[in-house]
Amino acid sequence: MPFRRVLPIVAFLACAMSQPLECLVEPASAQTMPVRDPDLAERAAIASAAYHAIRTYFAHAEGLPADFDFEARYHAYLREALTAPDRRNFSLATMRLFASLKNGHTGFFDEVMEREARPLPFTLRPVEGAWTILRSRLPVLSSGDVVIAVDGHPIDEWLEPIRAEIGQSSQATLDRVVWSRPFLFPSSFTLTLEDGREVPIDRAAPSDAPWRGLTLSKEVTSRPGPDGLVILRIPSFDGHRYEDEAITAIRAAKDARAILLDLRGNGGGQTPSRLLAAIMTRPYRGTSFVSPMTIALNDAQEAFHGTVASLPQLMMRAGADTTQPEPDAFVGKMAALVDGGCASACEDFVLRFQDGARGPVLGEATFGSTGQPFVQRFPEFGMSFRVSTKRETKADGQAFEGVGVTPDMPIPLTRSELREGVDHQLDQAIRLLSGS
């Protein structure tokens with residue numbers, strides 16, 4: 001990669017930076033009309049828009065290998081996309097282009113493919129180094145079962161072509177999300193379990209059986225725990241409702257000795273600045289980040305000398321900002337329980353929680369991706385893409401992208417607790433906070 005030039009952020013951005021940071025986990029469409037497939041000219045327009053957005057806004061060139069050649073990849077993609085025999089193959093080619101940028105907040109989405117795909121009747125991800133069933137609708141699959149092969153192939157080998165459609169900043173995050181894209185999977189396949197059983201999966205079969213296995217609440221809940229502790233579950237920051245309900249619960253628990261925030265599986269939304277104000281008792285820093293700049297004269301000079309980079313290299317830098325605590329913030333002890341499903345705005349929250357030494361962060365490393373993406377939608381086709389516009393580092397300069405927030409006290413998920421159906425992660429977090 002060419003050397004990246006970084007300029008300090010200029011004053012006119014101060015107002016924009018005071019606004020909540022929108023960290024979309026999946027871009028939602030306002031599409032309500034029937035969609036159609038793009039014709040050849042419309043495919044070219046989508047491809048051109050993608051090229052312009054990536055060349056202008058993509059903030060993560062430094063995270064790519066030194067020999068990554070975006071121009072070559074784009075030209076190969078263009079030939080594939082314009083000769084694709086149908087909508088699905090056009091979309092898959094475009095997904096692969098975005099996936100090659102290896103960023104969790106950069107991707108292409110086809111609503112028709114997603115809407116028409118039947119869901120998988122199980123959830124699966126690595127636990128203790130093995131692909132493990134978390135939840136299942138099938139009586140022959142149980143939480144804690146280990147899958148070693150699919151259709152007779154080692155599971156990682158079988159997943160390789162599917163992984164190529166999904167862009168993530170690390171192998172851990174890629175493995176966490178790969179089974180959540182059912183439109184990329186065949187309609188039927190066979191799982192081989194560690195105990196030798198063969199389990200056929202037919203996605204066309206009805207799958208209305210109830211889920212079995214450990215399930216985290218999808219709503220904000222507050223309940224008492226031992227020794228005057230309150231357990232506050234916050235499943236999302238997608239919209240103000242979750243933040244409002246969490247603040248209400250904290251105010252109602254003002255006399256609690258301690259509050260444990262359960263943020264596992266919180267995929268983000270908008271950075272909850274008001275929730276931070278309600279709990280932080282010391283100054284806390286946000287992140288530093290860089291974001292691409294476009295200066296016509298600079299581009300003209302580079303073009304004159306034949307040194308135009310294929311991806312943005314001229315960056316502005318901002319942060320890390322420091323926020324002072326509010327006088328009426330909750331002053332009791334706190335801790336945050338997180339896992340790899342805590343992503344984007346959830347991580348923005350946990351980064352600040354940890355930096356302000358509000359309490360221990362417990363659990364597993366978080367997802368490791370945020371980026372306030374530029375989103376472009378094509379509602380007539382039910383398609384959209386997003387491009388991450390900022391690359392963050394922690395306030396102390398340590399890497400965040402592809403790394404996430406490291407817990408102060410690790411509490412890994414185990415296969416034994418999945419088999420038992422007992423939330424040992426939560427139980428251990430309660431014990432740690434109660435004994436602190």
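This is a predicted model: local features need pLDDT of at least 70, side-chain atom pairs count only at pLDDT 80 or more; totals for chains, interfaces and linings use all residues.
Q: Why are α3 and α4 called roughly antiparallel?
A: Helix α3 (residues 70–83) and helix α4 (residues 87–99) pack at an angle of about 175°. Angles over 145 degrees count as roughly antiparallel. Therefore α3 is roughly antiparallel to α4. Their axes are 9 Å apart.

Q: How do you know which residues make the contact of α3 with α4?
A: Contact means heavy atoms within 4.5 Å. On the α3 side, F70, R73, Y74, Y77, E80 and A81 make the contact. On the α4 side, F90, A93, T94, R96 and L97 do.

Q: What makes up the contact of α3 with α4, by class?
A: It has 7 nonpolar, 1 polar and 3 charged residues. Tyr counts as nonpolar and Arg as charged. Y74 and Y77 of α3 are in the contact, and so is R73.

Q: Why are α2 and α4 called roughly parallel?
A: The two helices pack at an angle of about 10°. Angles under 35 degrees count as roughly parallel. Therefore α2 is roughly parallel to α4. The axes of this pair lie 12 Å apart.

Q: Which residues of α2 and α4 meet?
A: From α2 come R43, I46, A50 and I54. From α4 come R87, F90 and F98. By class, the contact of α2 with α4 has 5 nonpolar, no polar and 2 charged residues. Arg counts as charged, and R43 and R87 both take part.

Q: What makes β3 and β21 edge strands?
A: The open sheet has 3 strands in the order β3-β22-β21, with antiparallel pairing. β3 and β21 (374–378) each have a single partner strand, so one side of each is left without a neighbour in the sheet. The twist averages 15° from one strand to the next.

Q: How do you know that β21 and β22 pair?
A: Two strands pair if at least two bridges are found between them. β21 and strand β22 (residues 383–387) have 5 bridges, in the antiparallel sense. That meets the cut-off. Within this pair, V375 stands opposite R386.

Q: Which helices pack on the sheet of β3, β22 and β21, and what do they touch?
A: Helix α2 (residues 40–57) touches β3, β21 and β22. The direction of α2 makes about 15° with that of β22. Helix α4 lies across β3 and β22. α4 runs at about 160° to β3.

Q: What makes β4 and β10 edge strands?
A: Here 3 strands form an open sheet in the order β4-β5-β10, and the pairing is antiparallel. β4 (122–127) and β10 (212–213) have a single partner strand each, so one side of each has no neighbour in the sheet.

Q: How do you know that β4 and β5 pair?
A: At least two bridges are needed for a pair. β4 and strand β5 (residues 130–136) have 6 bridges and run antiparallel. The bridge partner of V127 is A130 in β5. The hairpin has 2 residues between the strands, and E128 takes a positive phi near 50°.

Q: How do you know that β8 pairs with β6 and with β9?
A: The cut-off is at least two bridges. Strand β6 (residues 147–150) and strand β8 (residues 188–193) have 3 bridges. β8 and strand β9 (residues 198–202) have 5 bridges. Both pairs are antiparallel. A149 has T192 of β8 as bridge partner, and S188 has D202 of β9.

Q: What is found between β8 and β9?
A: The two strands form a hairpin with 4 residues between them. In the turn, G196 has a positive phi of about 95°.

Q: How do you know that the peptide bond from G319 to A320 is cis?
A: Omega of this bond is near 0°. A320 is in the loop between β17 (314–318) and β18 (322–323).

Q: How many cavities of 30 Å³ or more are there, and what lines the largest cavity?
A: The structure holds 1. The largest cavity has a volume of about 30 Å³. Its lining is F237, G239, H240, E243, Q270, T271 and P272. These divide into 2 nonpolar, 4 polar and 1 charged. Gly counts as polar, and G239 is in the lining.

Methods: Residues are numbered from 1 along each chain as its sequence is written. Side-chain values use heavy atoms; hydrogens and water are left out. On a 1 Å grid over the protein atoms alone, a cavity is a set of points where a 1.4 Å probe fits but cannot get out, and a pocket is an open set with protein on both sides within 12 Å along at least five of seven lines; lining residues have an atom within 4 Å of a point. Grid points are joined across faces, edges and corners, and a volume is the space filled by probe spheres set on the points. Axes are lines fitted to C-alpha atoms, for helices over the stretch in contact, and angles run from 0 to 180 degrees between N-to-C directions. Angles under 35 degrees count as roughly parallel, over 145 as roughly antiparallel, 65 to 115 as roughly perpendicular and the rest as oblique.
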